Amino acid sequence: MNKNERLDIDTFLPYMRDVIRCESALHELNLMWRLIESSAKMNCPDEAQAILPTMAATREGFNRLEQELVHSLVSEKVGTVLDEIGTQAQYVIDIVVRNLYERTADVGFLATDTELCAFVAGLTDNACAARARLRAYATKYTVYDEIMLLDPQGNVLVQIDETSPIEGSDDPLIAQTLASEGYVETFRHSTLRPHKRRALIYSKRMLHPDTQRVMGVLCLCFHFEQEMAGIFRSHRDPAKRSNMLLLDEHDRVIESADPDWIPLGAVVPVNHSSSPRLSVFMGRQYLVRTFGSSGYQGYPGPAGWQGQVMIPVDVAFTGRDTQTLSRLDARVRAGLLSHAQALSGPLFEIMAAAETIRCVVWNGQVMSAGQQGNVSKLKAILAQISETGARSNALFANSIGDLYETVLHTSLQKSEFVSRLLVDLLDRNLYERSDDCRWWALTPELRHALAAPVWTDALAKQVSGILRYINSLYTVYTRLFVYNAQGHIVASTELTADVGGSIVGATLDAQTLERVLALPNEQAYHVTPFQPDPFYGGQATYTYHAAVRDPHDAQRIVGGVGVVFHAAQEFAAMLRSGVGAHAGMQALFVDRAGKVIASTDAAVAVGATLDLPATALQLAAGQSLSSVVERGQHYHIMGCTASQGYREFKTSDGYRDDVIAVVFDTLGAVRESRDHGADLQMQLVGLPGGERTEYATLWSNGKLFAMLADHVQEAVSACKLTPVPADASSGRVGLMAWTPTGQEPASVWVFDLGLLLTGKRSVVQKSSQIVVLRCQGRLMGLLVDALHGVTEFRSDQIIPTPFGGGANAGLVRSFIKANGGDVLVQVVDVMACLERVFDRTVATGAGERLAAA
C-alpha cells in the first residue's frame, strides 16, 4: 500500500465488522474510565491521590489513541488485501511475458529450418512433407494451434489446422514481416485466423537457402485462450472472491478469469500506485492492483499489456481463516505475538497503558493492605479499575490477535501462492527443454551426418556450426552436443567458460546411452537425474537427450542430441522472480527427499538436505500447504507446493521428476515468551473469617508466587531497569533509580526471581515488572514476569514446606492452599531472599556496595 497516501477509514470501516466492534468497545471503555475517575474523586479523594494522575493519563490516552487504533487496524487490513492481490496481478503478467519470450525464440529458429526454407523457395514441391514437418513441430511445442507457410503475396502454401482452411490473406502483418529482419508480434483479429475474435501470431520472413532472398513468411499462432485459462485456473483465488485480468495498453480487458463477471473488451479502472482507494466498475466498488511488464531477458512483452486483480470491497475482508493462532503451540503463539508490535504502534501503546492500569491496581491494593477508614471505598474503586482494566486488556488482546490473524493468514496464503508460482515457472521452463531436444534431433543435417558411414572433419564442422547457431539463440543451455550410436561425442558447443573445456572425444555414460538407444519414437526423450554433471563443470543440472534417427529408417537410431540446462542461472532467476521484493523471504527447489536443487539462501547449498516435515515431502502433485515453523532460531511462514507438470510434460509423456518449491518468510527471532492472558484472569479466593494476612501474588517463569504484602513497597515497569552483567550466583541483573512517594530517591539493586528460584534467567517482556521490597531496613528489587493481585488468606491456608527453615532451606518455605485447595501458590520468603543475595554478594566481594545501595 502507498504509505504516502492518506487512508480514508470511513470508506472502509463499514466493511470491517470486527473493527466496528472494537471501536464501539473503545467508546464504552472510555466512558467507564471517566465514571471511575469521577467516583474516586468524590468518595475517597485522599486515599486515591496516588492513583488519580495515572487514571487521568489513562483516560487521556484513550481519547488520543482511539482514532489512531481504528486507523491502524483499518490501514493494516486494507494494506494486506492490496499486497495479496498485487502479488497475483504481478505474476499474471510475469508468467505471460516469460511464455511469450519462448515464442520469439521459436519463430526465429523455425524460420531458418532448411527443409521448410527449401519448400518455400520452390526447391522442393512436396507439400505433404512440409506439412508433416510442421505437425512434428506442433506435436512437441503444443502451445501452437496453427502453423502456416505463406508466399510473399499472402497465399497459403501449407497449414496444419484443417478445421480452419484458408487459401490466402491480405493481412498487413505479411507485408510488415517481409520488410522486417526480426520477428513480428501481432495481437488482433486476423484473416489468417478468421474464426477467432483475436489471434496472437508470431511471424518471421523466410529466406532462400542459397541466395538469401526473401521467399515467404512463417506464422506461429499461439493458443492464447487456452494458455490464459490455464494461468487463471492455477493462480486465481480458490474462493473466487476476486477476478484476475489481462489488460491492453488502453486498460481494456483482453482475458478475464470470469468473463461473465468482467467481460472481454470492458474498460476497467487501474491502480498502478497501490493507492488505498476504491474504484467503481459497473456500479460496484473494488480494490484494484495493476502491474505492467518488467520484461524478461530483453523481451518487453506485448506493448502496454498489464496484469490486474480486482476484488469487491464488500468481500475483501471476509472469508479468512481466523483460527491460525489458536492452532499453534502456546509457546510459539506467545513468541509470535511478542513480535506483533510492528503491526500497530497505537495498539501497543494502549496495551502498555493496560499494563500500567494493572500495575496501578496492584500497587493500590498493596498500599491499602492492613489499613482502615475509607480504604474500603478505595478498594471498591480499585476493584472497578481492575475489572475495567481486565476488559480493556481483553479487548486489546483480541485486537492484536485479530490483526495478527489477518497478517498470518495472508502470509500463509502468499507463501503458498509464491511456491505454486515457482513450480509453475519451473515446469513451464523445463517443458520447453523437452521440446527443444526432440525437435533438434529431427534436424536433417544432424540425421544425415550421424548416418554417414564415416565421420569426417567436414561433417564435424557442419554440425558444430549448427549447434553454435542454435546455442546462440537458446542461452538457457551452457552446452549442446551430438554423439554417435556408440556414445562418442563428435560435436559440442561451450557457451560459457565455467563449464569446462571441450568434450569432443568424450564418451557418454553407459546408462544414459542405453536409455537413449531404447527411446521408442521421436516423441520420447530422456532426462538425466539432477546431479553433478562433468559436462556442466561438475555442477548439478539436468541434461535432456533425444535420439537422432536415420533419415531413411526411423527405427534405426544413429546417435543422439544432448542439451545441458544452465540450472544455476535459470533456477536462481526463477526463485528471485518469485521472491521479488519480499524482504526476509527465501525460496528453494527440493526433490522428494529434501535434497536442494536451487536456493536463494546462501546458508543452504545445492545438494544439501533441507529438513522438512513429512507432510511437505509427501504432498500430492499440484497440492500446497503452509504452516508456521521454527528454523535457524527464527519463526518462519513456510509454503510448499509439489510440481504437477505443464501440458503433457510430466503428466502424460512418461517422464516423472517431482520438485517441491519451498518458501520461507521470516516473522522474527524465536523468543521465550509466555502469554499471561489466561493466567491473569485467574482469581485467588481465601476462606472467610478468622485472622487473615494479605499476600501479593505475581508470575515468574510460568508459575504463580506469593509474598507478604507488608514487605512490598511498589511495582515498577521493568523498562526502568539499568542492566548490568548477570551474576548467576546472586541473581543480580541490574540497578534501578526509585523515587517513593514523599521520600528521598534511592538506588535499588534488582535481582531476577526466576534466576534465584530455578537458575534460569527471565526474559524481559512488556508485562515484566520490578517489585520493590523492604525488610529490616534493607531494599531490593525482584524482576518478575507479571503482576497478579493482592488477596487475604486465613492462617490455616498457609502450609509449611516439609524441608524446614534452616540455613540450607530454599527461598520457598510455605504454600498457600487457595480456591478450596485446588490451587497451590508458592510463598517466597522475603527475608530469605535478602539473606541469599547479601550473603552471596559478600562472598563475591560486592557485599559492601550492595549494602550501601
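Q: At what angle do helix 12 and helix 13 (residues 457–473) pack, and how far apart are their axes?
A: Start with the general idea: two packed helices are described by an angle between axes and a distance between axes. Here helix 12 and helix 13 pack at about 150°, and their axes are 10 Å apart. Each axis is a line fitted to C-alpha atoms, for helices over the stretch in contact, and the angle between N-to-C directions runs from 0 to 180 degrees. Helices (H or I, at least four residues) and strands (E, at least two) are DSSP runs, numbered from the N terminus.

Q: What kind of model is this, and how is it numbered?
A: It is a predicted model: local features need pLDDT of at least 70, side-chain atom pairs count only at pLDDT 80 or more, and totals for chains, interfaces and linings use all residues. Residues are numbered from 1 along each chain as its sequence is written, and side-chain values use heavy atoms, with hydrogens and water left out.

Q: Are helix 12 and helix 13 roughly parallel or roughly antiparallel?
A: The classes are set by angle: under 35 degrees is roughly parallel, over 145 roughly antiparallel, 65 to 115 roughly perpendicular, and the rest oblique. Helix 12 and helix 13 are therefore roughly antiparallel.

Q: Is the crossing of helix 12 and helix 13 left-handed or right-handed?
A: A crossing is left-handed if the near helix is turned anticlockwise from the far one by less than a right angle, and right-handed if clockwise. Helix 12 passes helix 13 in a left-handed crossing.

Q: Which residues make the contact?
A: Contact means heavy atoms within 4.5 Å. Helix 12 supplies Glu 445, Leu 446 and Ala 449; helix 13 supplies Leu 459, Gln 462, Val 463 and Ile 466. They divide into 5 nonpolar, 1 polar and 1 charged. In this scheme Ala, Val, Leu, Ile, Met, Phe, Trp, Tyr, Cys and Pro count as nonpolar, Asp, Glu, Lys and Arg as charged, and the others, Gly among them, as polar.

Q: How many residues of helix 12 are buried?
A: Buried means under 20% relative accessible area, exposed over 50%, and partly exposed in between (1.4 Å probe, protein chains only). In helix 12 (residues 444–451), 6 of the 8 residues are buried, so the helix is largely enclosed by the rest of the structure. They are Pro 444, Glu 445, Leu 446, Arg 447, Ala 449 and Leu 450.

Q: What span does helix 7 reach?
A: The expected span is 1.5 Å times one less than the number of residues. Helix 7 (residues 224–235) has 12 residues and reaches 17 Å from first C-alpha to last, close to the expected 16 Å.

Q: Which residues of helix 7 are buried?
A: An α-helix has 3.6 residues a turn, so residues three or four places apart point the same way. In helix 7 the buried residues are Phe 224, Glu 227, Met 228, Gly 230, Ile 231, Phe 232 and His 235.

Q: What is in contact with Val 516, leaving aside neighbours within four places in sequence?
A: Val 516 lies in helix 14 (residues 510–517). The residue counts as buried, at 0% relative accessibility. Its contacts are Tyr 483, His 545, Ala 546, Ala 547, Ile 557 and Gly 559. Val 516 and Ala 546 are 30 residues apart in sequence and 6.5 Å apart in space, C-alpha to C-alpha.

Q: Where does Ser 190 lie?
A: Ser 190 is in the loop between strand 3 (184–188) and strand 4 (199–207). Ser 190 is buried, with a relative accessible area of 1%. Beyond neighbours within four places in sequence, it is in contact with Asp 171, Leu 173 and Ile 201.
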